[in-house]
Amino acid sequence: MTISATATENGPGNETGPAPRLTVIGTGYLGATHAICMAVLGYDVLGVDVDPDKIERLASGEVPFFEPGLPELLAKALDSGRLRFTTSFAEAGAFGDVHFICVGTPQQKGSYAADLTYVDAAVTELARHIRGPALVVGKSTVPVGTAARLTELLHKTAPAGADAQLAWNPEFLREGYAVDDTLRPDRLVFGTTSAWAEERLRAAFAPVIAQGTPVVVTDLPTAELVKVAANSFLATKISYINAMAEVCEATGADVTGLATALSYDDRIGGRFLKPGLGFGGGCLPKDIRAFTHRAEELGVGQAVAFLREVDGINQRRRARTVDLVRELAGGALAGRRITALGAAFKPNSDDIRDAPALDVARTLHAAGAVVTVVDPAAVPNARRAYPELTYATDALAAAAGSDVVVLLTEWAQFREIDPHVMGDVVAHRRIVDGRHALDSVQWRTAGWDYRALGRP
Ligand SMILES: NC(=O)c1ccc[n+]([C@@H]2O[C@H](COP(=O)([O-])OP(=O)(O)OC[C@H]3O[C@@H](n4cnc5c(N)ncnc54)[C@H](O)[C@@H]3O)[C@@H](O)[C@H]2O)c1
């Protein structure tokens with residue numbers, strides 16, 4: 001990864017004035033990445049979180065989660081003196097010209113709706129300390145209409161009144177590629193209500209825009225909708241090919257051949273058309289549910305009713321993967337030794353929020369199987385959340401004596417396993433490839449009973 005010379009040598013300020021000072025409220029996967037990358041781009045940045053432990057770790061140079069390339073950039077940003085961390089909103093209000101809100105918006109318990117308590121709390125706390133002109137920029141994924149409500153909250157709460165403005169800048173970074181996606185996003189979306197807000201946002205992203213990144217300037221509700229519309233589309237594409245996998249299973253067809261043939265059609269394209277265990281994580285599942293819920297509130301539930309089916313197809317893949325393991329284990333799971341390769345919701349991440357892999361592993365465990373979960377990065381998070389499972393970091397050692405191996409997260413380490421070498425340690429050469437990540441011919445040639453969703 002390289003950063004454009006203009007950005008680092010000349011800094012982000014320009015002829016219209018010095019660069020704005022930035023705060024980033026909420027330093028989780030999104031916020032920490034944003035804060036660190038903006039400091040590397042030359043901005044003075046203050047990261048703020050309510051979790052003192054997280055702030056302490058970041059301030060001492062430790063990234064509290066797994067994200068390739070980020071620890072090196074944190075060290076660089078701290079060395080430059082441009083990045084600091086605090087738990088004080090008073091400090092944030094006094095310091096920042098542009099404040100990015102990056103707190104979580106998880107699914108509410110017992111409802112499809114998004115839980116906006118963290119966003120509301122962050123904006124309220126910050127607003128109390130905004131005494132002059134400042135721009136508060138929402139980055140969190142929220143239901144459409146939230147920005148309009150927060151604008152009122154901000155004007156009412158901030159001593160600066162209407163001089164504190166609100167804008168929305170939805171974030172599209174992907175965990176595992178978060179650094180590159182932040183430094184060179186494929187587009188920037190600015191939802192604004194004034195020319196001043198647009199100018200402030202342009203100043204806050206000057207080095208990124210200078211690289212030629214397209215900027216879409218729009219209103220607040222459109223900016224909010226872009227994010228959930230994008231995630232709905234991606235989820236739909238994944239569930240579409242997985243629906244085809246279900247049909248393939250009923251007909252003896254092979255979904256991998258089907259997907260390859262479809263992918264050559266430029267109008268369809270091959271990305272996100274990969275059949276398998278489906279999507280999970282802290283975004284796609286909760287975002288499509290919150291969108292469904294919000295559309296119903298707005299009286300347009302029918303327009304996105306298909307997203308419930310998209311969710312349903314996705315959930316069925318998890319159950320079907322368990323079925324395949326059971327079939328390979330001889331029809332019963334009790335007492336069978338299963339090696340589950342993967343815990344994170346996707347490779348190159350330690351994020352286990354709504355992880356399909358752990359859902360499958362827990363269901364196998366609940367059915368009486370003796371499950372060992374292997375993951376290169378997510379074991380500490382998984383162990384904290386599900387202490388009842390057994391964990392390992394070395395796939396070969398974990399597979400010793402195994403009755404069935406099931407690949408659940410397609411880490412490169414797992415894709416590169418030699419079927420002959422693993423075949424020597426397992427009790428039975430049986431594998432379920434939940435991610436269509438392995439070469440079926442190679443594994444079958446090595447004597448394995450190879451099964452995958454949607455394939456004969
Ligand atoms: N993770 C991603 O890949 C990604 C990508 C795009 C958008 N998003 C969206 O970004 C938002 C954040 O997601 P995340 O994955 O970074 O979540 P996260 O849980 O990793 O981080 C949220 C952080 O906010 C902090 N926080 C909570 N309340 C706070 C408050 N009142 N003041 C200050 N800090 C507070 C938490 O302590 C935590 O550190 C969500 O809306 C998510 O949908 C995430």
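Reader: Is Asn 348 buried or exposed?
Author: This is a predicted model, in which local features need pLDDT of at least 70, side-chain atom pairs count only at pLDDT 80 or more, and totals for chains, interfaces and linings use all residues. Residues are numbered from 1 along each chain as its sequence is written. A residue is buried if 20 or more other C-beta atoms, placed from the backbone, lie within 10 Å of its own, exposed if 12 or fewer, and partly exposed in between. Asn 348 has 20 other C-beta atoms within 10 Å, so Asn 348 is buried.

Reader: What phi does Asn 348 take?
Author: Most residues other than glycine have a negative phi. Asn 348 sits in the loop between β9 (337–341) and α15 (356–366); helices (H or I, at least four residues) and strands (E, at least two) are DSSP runs, numbered from the N terminus. Asn 348 is not a glycine, yet its phi is positive, at about 65°.

Reader: Which residues does Asn 348 contact, leaving aside neighbours within four places in sequence?
Author: Two residues are in contact if their C-beta atoms, placed from the backbone, lie within 7 Å. Arg 187 is 161 residues from Asn 348 along the chain, and their C-alpha atoms are separated by 23 Å. Beyond four places in sequence, the contacts of Asn 348 are Pro 68 and Gly 176.

Reader: Where is His 436, which has a positive phi although it is not a glycine?
Author: The phi of His 436 is about 50°. His 436 counts as buried because it has 20 C-beta neighbours inside 10 Å. Its place is in the loop between β13 (430–433) and α20 (440–445).

Reader: How many C-beta neighbours does Leu 358 have inside 10 Å?
Author: Leu 358 lies in helix α15. Not counting residues up to four places away in sequence, it touches Ala 343, Ile 352, Ala 382 and Tyr 386. Pro 133 is 225 residues apart from Leu 358 in sequence and 47 Å apart in space, C-alpha to C-alpha. Leu 358 counts as buried because its C-beta neighbours inside 10 Å number 27.

Reader: How many residues of domain 1 contact domain 2, and of what classes are they?
Author: The domain centres, taken over C-alpha atoms, are separated by 34 Å. 15 residues of domain 1 are in contact with 15 residues of domain 2. Ala, Val, Leu, Ile, Met, Phe, Trp, Tyr, Cys and Pro count as nonpolar, Asp, Glu, Lys and Arg as charged, and the others, Gly among them, as polar. The domain 1 side divides into ten nonpolar, four polar and one charged.

Reader: How many residues of helix α2 are buried?
Author: Helix α2 (residues 29–40) reaches 17 Å from its first C-alpha to its last. That is close to the expected 16 Å, which is 1.5 Å times one less than its number of residues. α2 is mostly covered, with buried residues numbering twelve of twelve.

Reader: Which residues are closest to the ligand?
Author: A residue is near a molecule if its C-beta atom, placed from the backbone, lies within 6 Å of it. The shell has twelve nonpolar, nine polar and five charged residues, and α2 and α6 (117–127) each supply at least two residues. Of the 26 residues that surround the ligand, the closest are Gly 26, Gly 28, Leu 30, Ser 140 and Thr 141.

Definitions and conventions
Domains from an automatic or database assignment.
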